[in-house]
Amino acid sequence: QVQLVESGGGLVQAGGSLRLSCAASGRSFSGYVMAWFRQLPGKEREFVGLISWSGGATGYADSVKGRFTISRDDARNTVYLQMNSLKPDDTAKYYCAARWRDKRAFDYWGQGTQVTVSS
């Protein structure tokens, strides 16, 4: 079992930056693939990016590539989402998710943190 708690959301002007954190509790954090998703009310959840369980590989949605960076600190059981050059279209609730390295589906989700980008 893994419990995930996101933090770091807030209100920022377009062009600004935010760093989201996702703190995980439970054992064997280093064996989990970690990801970030985002969602607007009434819309489907959208994949933002992920980082492999080893931290050696990352992948991003085209909409955030070059602006967002995912990293992990296994000593702190934390994954980060650094968001730069933010746009109003990035406004959403951001969720952290985890899946064990040989699983396909993300089984564990945080409660989300709101990011609002003003123009």
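**Before you start**

The model is predicted, so local features need pLDDT of at least 70 and side-chain atom pairs count only at pLDDT 80 or more, while totals for chains, interfaces and linings use all residues. Residues are numbered from 1 along each chain as its sequence is written, and side-chain values use heavy atoms, with hydrogens and water left out.

**Stop 1: the whole chain**

The chain has zero helices and eleven strands. Here helices (H or I, at least four residues) and strands (E, at least two) are DSSP runs, numbered from the N terminus. The C-alpha trace spans about 40 × 30 × 25 Å along its principal axes. A compact globule of 119 residues would have a radius of gyration near 14 Å, and the chain agrees with 13 Å. That radius is taken over C-alpha atoms, and the globule rule is 2.2 Å times the number of residues to the power 0.38.

The accessible surface comes to about 6,300 Å², and 46% of it belongs to carbon and sulfur atoms. Accessible areas come from the Shrake-Rupley method with a 1.4 Å probe; for residues, only the protein chains shown count as cover. Of the 119 residues, 44% are buried. Buried means under 20% relative accessible area, exposed over 50%, and partly exposed in between (1.4 Å probe, protein chains only).

**Stop 2**

Select residues 3-7, which are strand β1, then 18-25 for β3, 78-83 for β8 and 68-73 for β7. These four strands form an open, antiparallel sheet in the order β1-β3-β8-β7. β1 and β7 are the edge strands, each pairing on one side only. On average, neighbouring strands of this sheet are turned by 15° against each other, direction ignored. For such angles, axes are lines fitted to C-alpha atoms, for helices over the stretch in contact, and angles run from 0 to 180 degrees between N-to-C directions.

Two strands pair if DSSP finds at least two bridges between them. Five bridges link β1 and β3, and six link β7 and β8. To find a facing pair in each, pick glutamate 6, opposite cysteine 22 in β3, and isoleucine 70, opposite leucine 81 in β8.

Show the side chains of β1. In a regular strand the side chains alternate between the two faces of the sheet. Leu4 and Glu6 point to one face and are buried.

**Stop 3: the disulfide**

The structure holds one disulfide, which is defined as a pair of cysteine sulfur atoms within 2.5 Å. In this link the sulfur atoms of cysteine 22 and cysteine 96 are 2.1 Å apart. The link is left-handed, with -80° about the S-S bond. Cysteine 22 lies in β3 and cysteine 96 in β9 (residues 92-100), so the pair ties together parts that are 74 residues apart in sequence. Both cysteine 22 and cysteine 96 are buried.

**Stop 4**

Select 32-39 for β4, 46-51 for β5 and 58-60 for β6. β4 and β5 run antiparallel and are joined by five bridges; alanine 35 stands opposite leucine 50. Their hairpin has six residues between the strands, and glycine 42 there takes a positive phi near 80°.

Leucine 50 also stands opposite glycine 59 in β6. Three bridges join β5 to β6, again antiparallel. This hairpin has six residues between its strands, and glycine 55 in the turn has a positive phi of about 80°.

**Stop 5: two loop residues**

Select glycine 31, in the loop between β3 and β4. Is glycine 31 buried or exposed? Glycine 31 is buried, because its relative accessible area is 4%. Contact means heavy atoms within 4.5 Å. Not counting residues up to four places away in sequence, glycine 31 touches Trp53, Arg99, Trp100 and Arg101.

Finish at arginine 67, in the loop between β6 and β7. Arginine 67 counts as buried, at 11% relative accessibility. Its contacts, not counting residues up to four places away in sequence, include Gln82, Met83, Asn84 and Asp90.
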